[in-house]
Amino acid sequence: MTRSVSKERATKETQISLRLGIDGPAQVEVATGLPFFDHMLSQLGRHGGFDLSLKATGDLAVDAHHTVEDVGIVLGEALHDALGDKAGVRRFASIAVPLDEALIEVALDLSGRPFFVYEVDPGAGGEAYPIGDPPFDPQLAEEFWRAFCTSAAVTLHIRMRSGRNTHHILEASFKAVARALRDAVKVEGGGVPSTKGVLG
């Protein structure tokens with residue numbers, strides 16, 4: 001079984017091309033025009049064990065929001081399609097990931113039902129500051145995960161237990177989701193892990 005997919009999305013605001021292989025190898029190439037966002041997506045691919053190639057161009061002169069949200073949509077759609085009927089997957093996963101003073105807890109379910117809980121304050125040590133050039137507004141991380149969660153049809157909880165540094169908080173979040181996804185998508189048996197017989 002090859003669990004990989006290629007996706008394209010073109011709107012008046014963004015153009016995105018993506019290839020995702022959820023069984024690796026963990027080769028990652030990302031270019032969105034937002035260096036910090038590239039760094040976060042690279043963490044997602046590397047720690048998720050995914051083969052990820054993504055190129056996005058968007059109206060960054062207006063705002064980074066369209067690019068970030070649309071990447072979340074396309075990446076979520078790709079994961080959803082690559083998983084197929086989810087036969088044999090572990091389905092559930094949770095983890096706590098530290099990065100220095102930051103500690104993030106993630107729990108997810110490949111449920112087929114989009115539900116998103118985000119209890120993360122990237123400005124816990126003061127005011128959250130934009131990162132990189134062009135700048136990435138830390139609040140956009142929530143928009144990315146919401147778009148991803150909806151398109152992937154997963155239940156995702158992200159909670160911050162501690163943290164002061166905005167970079168550390170966001171990076172720990174991406175790493176934590178990546179590691180949880182890595183566990184949840186593993187095939188360890190046969191059949192769909194649901195008493196209903198389907199997920200979705």
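These are my notebook entries on a predicted model.

**Ground rules.** I number residues from 1 along each chain as its sequence is written, and I leave hydrogens and water out, so side-chain values use heavy atoms. Local features need pLDDT of at least 70 and side-chain atom pairs 80 or more, while totals for chains, interfaces and linings use all residues.

**Sheet.** I looked up the strand order first. I found an open sheet of four strands, β1-β2-β4-β3, with mixed pairing. Strands are DSSP E runs of at least two residues, helices are H or I runs of at least four, and both are numbered from the N terminus. Two strands pair if DSSP finds at least two bridges between them. The twist averages 5° from one strand to the next. Angles run from 0 to 180 degrees between N-to-C directions, on axes fitted to C-alpha atoms, for helices over the stretch in contact.

I then checked β2 (residues 14–21) against β4 (residues 51–58). The two run antiparallel and are joined by eight bridges. Gln-15 has Thr-57 in β4 as its bridge partner.

**Helices on the sheet.** α2 (residues 65–83) packs on the sheet and touches β1, β2 and β4. Its direction makes about 30° with that of β2. α1 (residues 35–48) lies across β3 and β4, at about 160° to β3. Contact means heavy atoms within 4.5 Å.

I looked for cis peptide bonds. One runs from Gly-24 to Pro-25, with omega near 0°; Pro-25 sits in the loop between β2 and β3. Another joins Asp-133 and Pro-134, with omega about 0°. Pro-134 is in the loop between β7 (115–119) and α3 (140–152).

Lys-86 has about 65° and lies in the loop between α2 and β5 (92–99). Asp-100 has about 55° and lies in the loop between β5 and β6 (102–109). Buried or exposed? Lys-86 is buried at 3% relative accessible area, whereas Asp-100 is exposed at 62%. Buried is under 20%, exposed over 50%, and partly exposed in between, with a 1.4 Å probe and protein chains only.

**Core.** The largest nonpolar core has 62 residues; Phe-144, Trp-145, Leu-156 and Ile-158 touch the most other members. α4 gives the most to this core, with 10 residues. Such a core is a set of buried Ala, Val, Leu, Ile, Met, Phe, Trp, Tyr and Cys residues joined through side-chain atoms within 4.5 Å. I listed contacts of Ile-158 beyond four places in sequence; among them are Ile-104, Phe-116, Trp-145 and Val-177.

I also checked Thr-166, in helix α4 (residues 166–184). Thr-166 is buried at 1%. Its contacts beyond four places include Pro-122, Tyr-129 and Pro-138.

**Aromatic rings.** I paired Phe, Tyr and Trp rings (six-membered ring for Trp) with centres within 6.5 Å; planes under 30 degrees apart are stacked, over 60 edge-to-face, the rest tilted. The count comes to nine pairs. Phe-37 and Phe-136 have centres 5.7 Å apart and planes at 20°, so I logged this pair as stacked. Phe-37 is in α1 and Phe-136 in the loop between β7 and α3, so the pair ties together parts 99 residues apart in sequence. Phe-37 is buried at 0%, and Phe-136 is buried at 1%. Ring pairs link Phe-36, Phe-37, Phe-136, Phe-144, Trp-145, Phe-148 and Phe-174 into a cluster.
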